[in-house]
Each structure stands twice: as C-alpha cells, then as structure tokens.
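Here are my notes on this model, as promised. Have a look at it first, then go through the points with the structure open.

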Amino acid sequence: PPARPLAPPPPLHLPPRARPRGARTARYLHGARGWCCHHITDAWAMTAPEGRTVWGMFPLGGAWLVRHAWERFAFTEDGAFLRDRGYPMMAGAVEFLLDFLVPDPATGLLVSGPSTSPENTFVLPDGTHADVSMGTSMDQWIARDLLVNFLDAARVLGRSQEELPVRAAEALARLAEPAVGADGRLMEWSRPWGEAEPGHRHMSHMYGLHPAAFVTPDGSPALAAAARRSLERRLERGGGHTGWSRAWLINLWARLHDGERAWADACALLAKSTLPNLFDDHPPFQIDGNFGGTAGVAEMLLQSHVREWSGGHLVHRVDLLPALPAAWPAGRARGLVARGNVRTDIEWSGGRLVRATLLAPDGRELRVRLPAGMRGATVAVDGLPPARMDFPGGVAVVPRVGGGAPRSVTVTP
C-alpha cells in the first residue's frame with residue numbers, strides 16, 4: 001500500500017504555542033505584525049531574545065520553524081493539515097517577515113535585520129569584532145525559503161490571489177540573494193567582513209544548500225561550487241568539531257553529491273562525537289547529532305528537494321543514490337519516502353543501481369534522476385511490459401495519468 005502520512009513531529013507542536021507570545025514579541029519589540037521567535041525558543045515557547053546578541057538576536061527562528069509545516073505537507077500531501085494548521089503557521093511568519101524586511105540603501109533590495117549569523121562574529125575594517133548586521137546569508141535564505149514555500153502552499157490551496165500571497169510574491173521579487181565573494185566562497189554576511197573564527201562550528205550560510213533547495217549542483221552550479229569552497233575552507237580551519245556540526249556536514253556534502261566527503265563525516269561523527277550509549281556528544285549530549293546523522297544517511301541514498309510545477313501540479317524530482325560512497329558497494333534500502341508521498345525501495349551492487357521501485361499514491365507525474373553515469377534505463381509501470389528509454393539529461397519522466405489508484409514504477413539499468 002502507499003506510505004501512510006506521518007504523525008506530526010514535535011516541531012509542529014511548538015508553533016501553535018509560540019504564536020501568541022511571538023505575536024507580542026513581534027509587536028512590542030519589532031513593531032511588526034504576525035509572529036516571530038528568536039534563537040533560544042524552548043519547550044516553554046519563549047519567543048523574546050535573551051542574553052548576548054551573538055546568539056540571542058535571531059528574529060527568524062519562527063520562519064525557520066514553520067519550514068517543518070511545509071515539509072510535512074510535501075512528504076505526506078495531507079491537504080487538510082496544510083489548510084487547517086500548516087498554512088496559518090506559515091502566514092503569521094510571512095506577515096512578520098514582510099514587516100521586518102527593509103530596503104538595503106546600497107542596492108534597494110530587501111534585507112532582513114538587525115540579526116546575526118547565529119553565534120558567529122566578524123571583523124570590521126578597524127579591527128573591532130561585531131556580530132549584528134543586516135542581510136546575513138542565513139536570514140536571506142530563510143526569508144526566500146519561507147516566501148517560496150508559502151506561495152506554493154497558497155497555490156495548492158487555491159489562495160494565490162489573496163492579499164498576503166500577492167504581497168509575498170512582490171517581496172520575493174525584491175529580495176536580496178546571498179553573494180559569492182572574491183575568493184569564490186559563499187559569503188556569510190552581506191559585506192566582505194573579515195572572519196573572527198574561520199573554523200566556526202556553524203554552517204549557517206549553507207541554509208540555501210540544506211535544508212532549502214536553492215543551491216544544487218545541476219540547477220545552480222556556480223553557487224554549488226561556492227558552497228563547496230566555503231565548506232572546504234571551514235574544515236581546513238577546524239570546523240565540524242561538535243556532533244551536531246558534523247551531522248550538518250553529512251547532509252551538506254550529500255546535497256553536493258559528494259558521497260566520499262559525506263561518508264568521511266559520518267565516520268567522524270561516530271568516531272569522535274558519539275558516546276558509548278550512542279548519544280551524540282556536543283559535548284555534552286545534544287540530540288541534533290543523532291537526528292542529523294540519520295537524516296544524512298537518507299540524503300546520501302535518496303533526495304527529493306528539487307521541485308517545480310507541471311500541468312498545474314507540484315512535482316518533486318526523486319534522485320536515486322545521489323551520494324553513494326565507495327564504502328557502500330552493495331546494499332538496499334526499503335521504505336524511504338520521497339516528497340510527494342512516494343515510497344521508494346532501492347537496490348545496488350558494484351556501486352551501480354540494480355533496481356528502484358517507486359510506489360506513488362496515484363497516477364501523478366514522476367521524475368526520477370538516475371544515478372551519476374546512467375543515461376538510460378528500463379522502466380516498467382504497473383506491471384506493464386518494460387520499455388527501454390534513453391535519458392540524455394539523466395532524468396526519467398513518467399507522464400501523469402488519470403485516476404486515483406496507486407501505481408508503481410520500477411527502474412532497472
């Protein structure tokens with residue numbers, strides 16, 4: 001049977017509790033509508049900033065948190081959840097963002113701030129250190145991600161012509177994007193400030209690569225190259241020295257289709273940042289490394305974050321074995337769920353795909369990116385005679401058909 005919708009994960013229990021307090025924080029602290037929360041939001045739904053600005057001044061915590069609402073819909077296609085819970089969460093975060101963004105005097109483009117690149121600092125020309133600025137790369141990626149997801153949600157629900165989605169689309173068109181510096185790296189701040197800690201544990205400016213989908217090796221190769229150079233430089237200077245930081249690296253390398261680097265960081269996570277009881281060692285224990293490490297393994301085997309509209313329907317491309325390391329020459333994975341609620345079983349041997357079976361909940365269009373080096377495959381749909389197909393771009397497209405019955409697609413070399 002098709003994969004069943006997942007139970008709401010813990011992050012989706014927090015926004016309904018945070019929204020009333022976050023609305024007060026937005027109104028009294030930022031003079032904005034909607035709701036927000038900052039860096040130290042916790043199980044008690046605290047939304048105001050606290051402590052030093054280097055970690056406390058991060059107003060887009062709510063915008064990041066509601067990404068889980070969109071992802072729940074993307075993986076399950078639970079329209080009732082999106083309508084009744086997800087969309088209202090996202091709408092409040094969008095209202096705040098639209099009031100919080102301001103034009104950059106130098107470019108006229110919209111930037112977020114004042115804010116930080118969480119827990120990191122930079123060096124001003126006079127040698128002093130600072131941490132608060134405008135238009136940090138993480139903020140700009142989060143803002144773009146929220147607006148794109150919200151606009152897709154509005155389209156799914158037939159609400160694109162309402163006032164808030166229209167305003168969101170106008171802001172998206174004017175939103176500044178993170179830039180590539182003169183050294184070829186993705187910039188962490190909107191200006192070329194010096195780095196106070198080149199080997200910092202956070203990879204905040206990589207948000208556009210993961211968890212968002214704005215940086216991809218095939219869709220934006222220049223940005224992907226800049227992200228790779230940024231990761232290499234951070235690791236050269238000692239980054240990745242906490243368990244959760246190492247887990248981020250696994251996912252980031254997987255998104256860059258670099259299975260060897262992802263595997264090396266998976267090994268480092270287990271060897272250097274895992275306690276005898278298998279808890280992640282920050283130190284001390286932080287669950288991020290456990291969840292993130294597991295997510296990274298899944299990203300190495302299956303990805304589905306690239307999406308586009310086709311024929312009035314949102315289609316997520318399913319990438320098979322995008323970051324398979326040489327250390328896994330043969331194996332199989334069963335029950336991995338791709339966005340679009342597509343259950344996927346994969347088998348490989350000698351580092352090459354043997355068989356992949358995708359079970360979709362209906363006759364939707366399927367796009368399957370073949371593993372690197374494959375330009376053709378044999379495709380069988382619903383037990384019909386298999387057909388040999390050539391795919392010069394490495395992507396197999398199974399057209400949409402009418403009817404709501406589940407259908408399976410099997411891909412073999």
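1. Let's start with helix 5 (residues 79-100) and helix 6 (residues 137-156), which pack at an angle of about 140° with their axes 10 Å apart. Axes here are lines fitted to C-alpha atoms, for helices over the stretch in contact, and angles run from 0 to 180 degrees between N-to-C directions. The pair is therefore oblique; angles under 35 degrees count as roughly parallel, over 145 as roughly antiparallel, 65 to 115 as roughly perpendicular, and the rest as oblique. Helices (H or I, at least four residues) and strands (E, at least two) are DSSP runs, numbered from the N terminus.

2. A word on provenance. This is a predicted model, where local features need pLDDT of at least 70 and side-chain atom pairs count only at pLDDT 80 or more, while totals for chains, interfaces and linings use all residues. Residues are numbered from 1 along each chain as its sequence is written, and side-chain values use heavy atoms, with hydrogens and water left out.

3. Back to that pair: which residues of helix 5 and helix 6 meet? From helix 5 come L82, Y87, M90, A91, A93, V94, L97 and L98, and they meet A143, L146, L147, N149, F150, A153, A154 and V156 of helix 6. By class that gives 15 nonpolar, 1 polar and no charged residues. For the classes, Ala, Val, Leu, Ile, Met, Phe, Trp, Tyr, Cys and Pro are nonpolar, Asp, Glu, Lys and Arg are charged, and the others, Gly among them, are polar. Contact throughout means heavy atoms within 4.5 Å.

4. Helix 1 (residues 14-30) also packs on helix 5, at about 15° and with the axes 11 Å apart. That makes the two roughly parallel. Helix 1 brings P15, P16, R19, A26 and H30 to the contact, and helix 5 brings P88, M89, F96 and F100. The tally by class is 7 nonpolar, 1 polar and 1 charged.

5. Now L60, in the loop between helix 2 (53-56) and helix 3 (61-65). L60 is buried at 1% relative accessibility (buried is under 20% relative accessible area, exposed over 50%, partly exposed in between, with a 1.4 Å probe and protein chains only). Setting aside residues up to four places away in sequence, L60 touches C37, F96, L97, F100, S112, D139 and I142.

6. Last, R155 in helix 6 is partly exposed, at 42% relative accessible area. Beyond its neighbours within four places in sequence, R155 is in contact with S160 and W309.
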